[in-house]
Each structure stands twice: as structure tokens, then as C-alpha cells.
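Subject: Handing over the model

Hi,

Here is the structure I promised to pass on to you.

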Amino acid sequence: MFRVTRVIDKTNLYNTLVLSPKLASTFAFDQFTDLAKYLSPADFWAWIVVIFGTDIHTETAEMLRVALKRGNFTNPRIKLGSDGELNGHSAGYDKSQNLILVSEDLPDKALDSNDASWELMIALVEEFGHHV
């Protein structure tokens, strides 16, 4: 689903070891890709309409399905962001950078709380939808 790990950052100015969080997720990307591989164009469009509504044209849905199936659609990068960057939200999507921003304290909370784990997963899936 998603992975929260801790890595050592050796590149700070004082050359001391600092523990910093790293967040990675391919859950939503994998779901979209698998459905694109196994659903017909009509079935994929019907599934897309449930998620995004009828504003998505069949041609656009088919272009997305083909791109996912061929491996030409990429998963967005994920970066931890401050509350100021996210205006108090758990996560957000920066279209100009193809980047999902996640509240910097949410991964730590997710390690300790099932509710926060669900909040993190839902936020990542929702922001992936904005990427699409």
C-alpha cells in the first residue's frame, strides 16, 4: 500500500546525522495500471466515470488507459510539506511539479495510529486523482 521509512541524511550543513522521513507510495498508480491492462476501453471508461464523473470524455479516458498500459504514465513524486505549504490540509497536489505534498507530521502519525494510516492512504489516493 504505502511505505514509511526513516533514512539518515548526511548532507546537512553541520555534517551531523539527522533522521528524516521518506515517504513512497505506488498504491493508486498500481491500481490504475492494473485496471488499464485488464479492462476493455468501455469498461475502463465506465470505471473512470465513477471516480471523476462524466466530465471525462471517452477519448481522454482511452488515452489514459493506453498510456498506463504502455507504461507511459508516471507516478508522481511525493514530498513532505509544511502546514504553510498545504494550508492546513493533510496533502495537496502541485501540478506544475507533478508532486504530491504530504503534511510533514502525517507519516509519523501513521506509524503510530491506524486512523492516521487511513488518513494518509486516502490523502495519497485523492492527490493521485488530481495527478491523473
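Predicted model: local features only at pLDDT ≥ 70, side-chain atom pairs only at ≥ 80, totals over all residues.

β3 and β5 are parallel and joined by five bridges, with G81 of β3 having S103 as its bridge partner in β5. β4 and β5 (residues 99-103) are antiparallel and joined by four bridges. On that side, A91 stands opposite V102, and Y93 stands opposite I100. The hairpin of β4 and β5 has four residues between its strands, and N98 takes a positive phi near 50° there.

How many residues of β5 are buried? Five of the five are, so β5 is largely enclosed by the rest of the structure. L99, L101 and S103 point one way from the strand, while I100 and V102 point the other way.

**The cores**

The largest nonpolar core has 12 residues: L23, I78, A91, Y93, I100, V102, L106, A110, A116, L120, A123 and L124. At least two residues of this core come from each of β4, β5, α5 (106-112) and α6. Its largest share, four residues, is supplied by α6. There is also a second, separate core of 11 residues, which includes A28, F32, A36 and A67.

Y93 deserves a look of its own while you have the model open. Apart from its neighbours within four places in sequence, Y93 is in contact with P76, N98, L99, I100, E127, H130 and H131.

Helix α1 (residues 27-38) has 12 residues and should span 16 Å at 1.5 Å a residue; its end C-alpha atoms are 17 Å apart, which agrees. Its buried residues are A28, F29, F32, T33 and A36. Why do they fall on the same side of α1? Because they cover an arc of only 130° around the axis. As background, an α-helix has 3.6 residues a turn, so residues three or four places apart point the same way. What the buried residues of α1 pack against is α2 (41-52), α3 (58-70) and α6.

α2 also comes out close to expectation: its 12 residues reach 16 Å from first C-alpha to last, against the 16 Å expected at 1.5 Å a residue. In α2, F44, I48 and V49 are buried. They cover an arc of only 140° around the axis, which puts them on the same side of α2. A42 and V50, on the other side of α2, are exposed. The cover over the buried residues of α2 includes α1 and α3. Just after this helix, G53 takes a positive phi of about 85°.

That is everything from me for now. I would be glad to hear your thoughts once you have had a look.

Best wishes

Terms used:
Residues numbered from 1 in each chain as written. Heavy atoms only, no water. Pairing = 2+ DSSP bridges. Expected span 1.5 Å × (residues − 1). Buried < 20%, exposed > 50% of the residue type's maximum accessible area, 1.4 Å probe, protein only. Arc of directions from axis to C-beta. Contact = heavy atoms within 4.5 Å. Core = buried A, V, L, I, M, F, W, Y, C linked by side-chain atoms within 4.5 Å.
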